[in-house]
Every structure is written in structure tokens, then in C-alpha cells.
Amino acid sequence: MIAVQGVSKTFGHFGARRVQALDAVSLGVRRGETLGLIGPNGAGKTTLLSCLLGFLRPDRGAITVDGKPPDDLSVRARTGYLPERLGFDRDLPGGAFLAFHWRLAGGARSRAKAEVEAAADRVGLERPALARPLRGYSRGMLQRIGLAQALFRDPELLFLDEPASGTDPRGVALVRERILEAKARGATIVLNSHQLAEVEKVCDRVVFIESGRLTQSETLRGDQATRRRGLVRVPAAGLAAATAALSREGFEPTADPYGSLRFPVGSDDEMARAIRALALAEIPVYEAKASADLEELFSGRGGP
Amino acid sequence: MIEMVRRYLRQKYGSPGFLIALGTLALIETFFFAMGSGERFAIVQVAILVLAAGSVSRDVSSGALQMILSRPIRRTEYLFGRYVGILASYGLFLAVTSGLIFLVVHLAKVNAREDASPLSLALLAGEAFANGAFQAAILLMFSTFLPGIADLLGLLVLYVVLHLPPGKSAWLRDAADAARENLLPQVSWNEALRGDGILGSATGRWVFALTVYLVLAAVIFSRRELPYGQD
């Protein structure tokens, strides 16, 4: 659905303070896929998102959405977008802001009020808040109302830039639920977030961007999963024995100082085999899980 | 486009700061008009600077424009919606100010002037509107690529450059005159609105220059990139 081919983007002119924001990035996003963009600050994630939305033109390379340029109006009619920072008319009441976006999205004026209220309910924004100007909104409320406008008319394409930034734990869970809902109805989602645990919960695939380059791509779900890490926590005294038991089964565990062992696993069955090996060796297992462990992916690259 | 116009009106007339600024200008104009001093409708023309400055650039820097353009909206639709919004808000302001002057001069019987008839006031408002529309087009053009309210500086520089002494050379003088006449044409709107010379060369140059500024604004804006960070 989305094809990015050899995209490069540089900011600055005449050699002074030139910043290579993207360097020959190529990737594809399949219809219905949820792709996570991860990487350190300044890596080029937001620049890539801006190119995908057609706000920035690549210096080299091309981006198409279903074969069309990303700023084609037919593409935009199917797009929902939540920016990292909601910058809008500060004196505008929240309800008027949502009604404006509802109408821009092609919604009928007669249905605006009902749709605005339904959208507010979906993101847990209380009705009285709709009458208040955006200047009085907290960061979390701005994120919620931003998400509400992005989800208008059930877009096929969703671009979310740090959607849960500044929200409380309930807000984080709510954002996750709305993303999973969009995913369930078949939306194609591109998510830029530093909240790795959330990325892991909703994304089918992640790409790691570093200094403008796409350095790694990992599939997190399904039979094609390329990144699964087993994690078991055992008593510190049993760490050596657990390492030996797992090694005998063909795993390659590495221990951390807190009594945990991490090792690549290919499937859930392999994870079950690892747990059985520990049980047979009579080593108590306090915790066991298989996940993409994106934190580990990050830790070797300078952290989030 | 209508959504853009509505948003512009809401932005300006929903902001206490703008309301105070416009109200102050209207009161000062009414005072000088009623006292029979000062240039006619000279003060209210400052309002176009208040209303039009930074009309596009502020949306770019706040990120509001990126959100709007993620919708199925053409850039030109947004841009000309802004322009029509400026004209609508300025027209509303001129109508309210003219009404206020009429009320003060006639109903309150404050030093009634000969030129305070409804027709005279309408002609003055029309003249101010035409001048405002022209300045708004220049500001809009500068606002498509200059940050913040630097479009005001652009307008000032344009006026200063086109009014610099041309030097002694005859061809330089001719070139400067031609540039001034074509880029900042002067139209006697009071006469033109009465029907005198409405199809004259000055009005034609005015229409041409206005079109040039708007087309330039559209060309620059349609090619402009809209970053909101370099992450």
C-alpha cells in the first residue's frame, strides 16, 4: 500500500548546518499492517512521517500510496493524522475544533454535533470539555482530542506521531485500544513512538531508524516473526544452572545481574521447550515470557 | 473554502486581543472623524495589518496547517480561503466602524461633517476596503514564505524600495516609475466607486498587480515544504 523507495532528505542550504535527515530509506507497508518507527531522538522518524504525508518532498527517491503521490486528495480523503504536538487555534473550543475537522474530512454538517460528541466519548473526553477553549486543555487532553479528530470517518490510513505522549496510564491504554480497533477493521497504521512497550503491543513490524538510515526491520507477529526473545527470571543462585540447562537445549542465553536470562526463540513452542528444560532441571521460574523485547534492540543502539 | 473563511473570522473575532485592538482603532477613527480632523479613514486602514499579518506563517509554525492539509483540501483552497477570510473580517470591521461613525455623528449630533452621509461613509469604507485588499494580497504573498509577522517587514521594504529616489539617470527614473505604477498602482477609489474612470488604466494596473501578488502567493505556497521538526 505504501511504497518508499530510496528516499533522502537534507535540511539546510549552501553547506551551512546541513542535516541529512533521511538517507536512502526504502520500505513498504502492506495494507492492514501496523508499522512502528523506532529510533533515537533526531533519527529522522518525524521527517519520514512528514514525507509520507506529503508535507516534505524527498530530495531523492519516491513515495507512493496505492500508486499515487501522498498528497493526492483521494489519498488524503482516506487519511487520519495525529501530530506529536497539537498546534491549533488556542481560543477555539474543543467542540468547534472537532467540528471543523469533521467537516474538512468530508463529514456532513448536519451530523457534526453528534459525531463530535461520539468522537469525544471514544477518547474519554468529557462533554463539558468540548465547550472550553483548547488553551485550557492539558497535554493529555490535547492528545485525546487530536486522536479523536484523526479517527474521524474511520480512515484507512493512520499516521500517528507519539499518540500517547503526555497522557496518563489510562490515556495510554485508551490510545492502545483505539489503535487496536483501527487495526481490527483493517486500517494501515504507521506509528512513531518512543513507548516501546506500546509499540510492541500494537505493531506487526518495526523498523529502526538511526541517523536517517533504516538500519533494521523486525517482524513481531505471526509465523514470519523475526524478533522474539525469551525472558525467564530465576533465583540469582540458580542462574548458572539455568544457563547450563538452556544451553543444553540449544538456546543461547545471556544473563543480566537481576536474575533474568534472555535468549532468541523462534516460536511459542520453543519458549515452552525452554520452560520445560528449566522445570526438569528443578530450577524455580519466577517469570517467563516471549516478546520482541524492543528495549534490548534499543539498548545496543544508544537507547530511546 | 467556506470552512477556511469561517475559521479566519472565528480566529480574529474570537480572540480578545484582536477585538481590543480593532475596537481601539474603530474608536480612534470615530473620534477623529467626529472632530473633523485627520485623514478620512486613515486609522482604520491599520486594521488590515492587524488582521492579515502572519496569516499563513503562524499556521505553519503552530502545525495547524499540517493538520488541515492532511485532509482532502487543496493548498490553493486553504490560501484563498485565508485571503477571503481577511477580506471578510476587514469588511465586517469597516461596516461596524462606519456604522459607529454614523451613529456618533448623526444621532449624538457630534460636530456633524458634510462628508458623514451614508453614501460618503460607504465610499470611504469602499476606498479603505480596496486599499486593504491590495495590502492583504501583498502580506499573504510574503506570509507564504516569511516566518511569523515578517510579512509586515516585507510590505514595508517593498514600499520603501519602490519609493527610493531613482537617481539622475533618465532610464532609471523611468524604470522606477514603471515599477511603482505597476506594482503599487494608485487608484482614486472615491472617484472610481462613483463610476469615474472605473475602467481606466489605473484600475486595470491595480487589478493586474493584485492578481500578480495572489498568483505569486499560490505558486510559492504550492511548492513550499511544511516541516514541523527535524526528528
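Student: What should I know before I start?

Tutor: This is a predicted model, in which local features need pLDDT of at least 70 and side-chain atom pairs count only at pLDDT 80 or more, while totals for chains, interfaces and linings use all residues. Residues are numbered from 1 along each chain as its sequence is written, and chains are lettered from A and ligands numbered from 1 in the order in which they are written.

Student: How do I read a sheet, and what is the strand order in the six-stranded one of chain A?

Tutor: Strands of a sheet pair through backbone hydrogen bonds, either parallel or antiparallel. Here strands (E, at least two residues) and helices (H or I, at least four) are DSSP runs, numbered from the N terminus, and two strands pair if DSSP finds at least two bridges between them. In chain A, six strands make an open sheet with mixed pairing, ordered S5-S6-S7-S3-S8-S9. Strand S5 (79-82) and strand S9 (213-219) of chain A each have a single partner strand, so they stand at the edges with one side lacking a neighbour in the sheet. On average, neighbouring strands are turned by 15° against each other, direction ignored.

Student: How many bridges join S5(A) to S6(A)?

Tutor: Four bridges join S5(A) to strand S6 (residues 157-161) of chain A, and the two run parallel. Leu82(A) has Leu160(A) in S6(A) as its bridge partner.

Student: Which helix lies across S5 and S6 of chain A?

Tutor: That is helix H5 (residues 139-150) of chain A, running at about 170° to S5(A). For such angles, axes are lines fitted to C-alpha atoms, for helices over the stretch in contact, and values run from 0 to 180 degrees between N-to-C directions.

Student: What is the order of the three-stranded sheet in chain A?

Tutor: The order is S2-S1-S4 in an open sheet with antiparallel pairing. Strand S2 (19-29) and strand S4 (60-65) of chain A are the edge strands, each with a single partner strand, so one side of each has no neighbour in the sheet. The twist averages 20° from one strand to the next. Five bridges join strand S1 (residues 2-11) of chain A to S4(A), where Ile63(A) stands opposite Val4(A).

Student: Is Gly94(A) buried or exposed?

Tutor: Gly94(A) counts as buried because it has 26 C-beta neighbours inside 10 Å. The cut-offs are 20 or more other C-beta atoms within 10 Å for buried, 12 or fewer for exposed, and partly exposed in between, with C-beta atoms placed from the backbone. Gly94(A) belongs to helix H3 (residues 94-104) of chain A. Leaving aside neighbours within four places in sequence, its contacts (C-beta atoms within 7 Å) include Ala129(A), Tyr137(A) and Ile145(A).

Student: How do I describe two packed helices, such as H7(B) and H11(B)?

Tutor: Two packed helices are described by the angle between their axes and the distance between the axes. The axes of helix H7 (residues 118-143) and helix H11 (residues 201-223) of chain B come within 8 Å and cross at roughly 25°. That makes H7(B) roughly parallel to H11(B), a term for angles under 35 degrees. The residues of this contact divide into 12 nonpolar, no polar and no charged. Nonpolar here covers Ala, Val, Leu, Ile, Met, Phe, Trp, Tyr, Cys and Pro; Asp, Glu, Lys and Arg are charged, and the others, Gly among them, polar.

Terms used. Parallel < 35°, antiparallel > 145°, perpendicular 65-115°, else oblique. Contact = placed C-beta atoms within 7 Å.
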